[in-house]
Amino acid sequence: MAATVANRFIAALGPVKMEIMNLTGVTDQDTVTTLIQNPKFCLAGEQGADANSTVQPAVSGKTVTLHNQAAAGGAGDITLLVFGF
């Protein structure tokens, strides 16, 4: 299932680009496609979550999969950062 992108922005940081996404209604194994041409790695965190946030993103090609999302206090809202060229 695909995650819903509520907002999306891209920032150019020299040769590196960073895409910032606000995702809503995310569950375990949801995917999203990045707009970055050559993504290298990503970071994610649950919005409003406590120290028990368990979300782990994985990038493969232009697809990011969100694993182990618990939505503990975040109600499935995720902030995702994708870095690449």
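S4 and S7 run antiparallel and are joined by seven bridges. Strands here are DSSP runs of E with at least two residues, helices are runs of H or I with at least four, and both are numbered from the N terminus. Two strands count as paired if DSSP finds at least two bridges between them. Within this pair, leucine 43 stands opposite leucine 81 in S7.

Before going further, a word on the source. This is a predicted model, in which local features need pLDDT of at least 70 and side-chain atom pairs count only at pLDDT 80 or more, while totals for chains, interfaces and linings use all residues. Residues are numbered from 1 along each chain as its sequence is written, and side-chain values use heavy atoms, with hydrogens and water left out.

Now the sheet around that pair. It is an open sheet of four strands, in the order S1-S2-S7-S4, with antiparallel pairing. Its edge strands are S1, residues 4–13, and S4, residues 39–46, each of which pairs on one side only. On average, neighbouring strands of this sheet are turned by 15° against each other, direction ignored. For that angle, axes are lines fitted to C-alpha atoms, for helices over the stretch in contact, and angles run from 0 to 180 degrees between N-to-C directions.

Going across the sheet, S2 pairs with S7 in the antiparallel sense over seven bridges. Methionine 21 has leucine 80 in S7 as its bridge partner. S1 and S2 are also antiparallel, joined by nine bridges. These two form a hairpin with two residues between them, and glycine 14 in the turn has a positive phi of about 75°. Leucine 13 stands opposite valine 16 in S2.

The partners are arginine 8 and glutamate 19, with the closest N and O atoms 3.0 Å apart. Because arginine 8 lies in strand S1 and glutamate 19 in strand S2, the pair ties together parts that are eleven residues apart in sequence.

Are the two partners buried or exposed? Buried means under 20% relative accessible area, exposed means over 50%, and partly exposed is in between, with a 1.4 Å probe and protein chains only. Arginine 8 is partly exposed at 28%, and glutamate 19 is buried at 0%.

Next, the other sheet. It is open and has three strands in the order S3-S6-S5, with antiparallel pairing. S3 and S5, the latter covering residues 56–60, are its edge strands, each pairing on one side only. Here neighbouring strands are turned by 25° against each other on average, direction ignored. S5 and S6 run antiparallel with five bridges between them, and serine 60 stands opposite threonine 63 in S6.

Threonine 65 also sits in strand S6. It is buried, with a relative accessible area of 17%. Leaving out residues up to four places away in sequence, threonine 65 touches Gln29, Asp30, Thr31, Gln56, Pro57 and Ala58, where contact means heavy atoms within 4.5 Å.

One of those residues deserves a comment. Most residues other than glycine have a negative phi. Glutamine 29 has a positive phi of about 75° although it is not a glycine. It lies in the loop between S2 and strand S3, residues 30–33, and is partly exposed at 41%.

That leaves the core. A nonpolar core is a set of buried Ala, Val, Leu, Ile, Met, Phe, Trp, Tyr and Cys residues joined through side-chain atoms within 4.5 Å. The largest one has twelve residues, among them Met21, Val32, Cys42, Val64 and Leu80. Strands S2, S6 and S7 each give two or more residues to this core, and the largest share, three residues, comes from S7. Valine 32 touches Met21, Leu23, Val64 and Leu80, among others, not counting residues up to four places away.

Finally, the totals. The protein has zero helices and seven strands. Of its 85 residues, 29% count as buried. Among contacts with a separation of 6 or more, 59% are between residues 24 or more positions apart.

Key: Salt bridge = Lys/Arg side-chain N within 4 Å of Asp/Glu carboxyl O.
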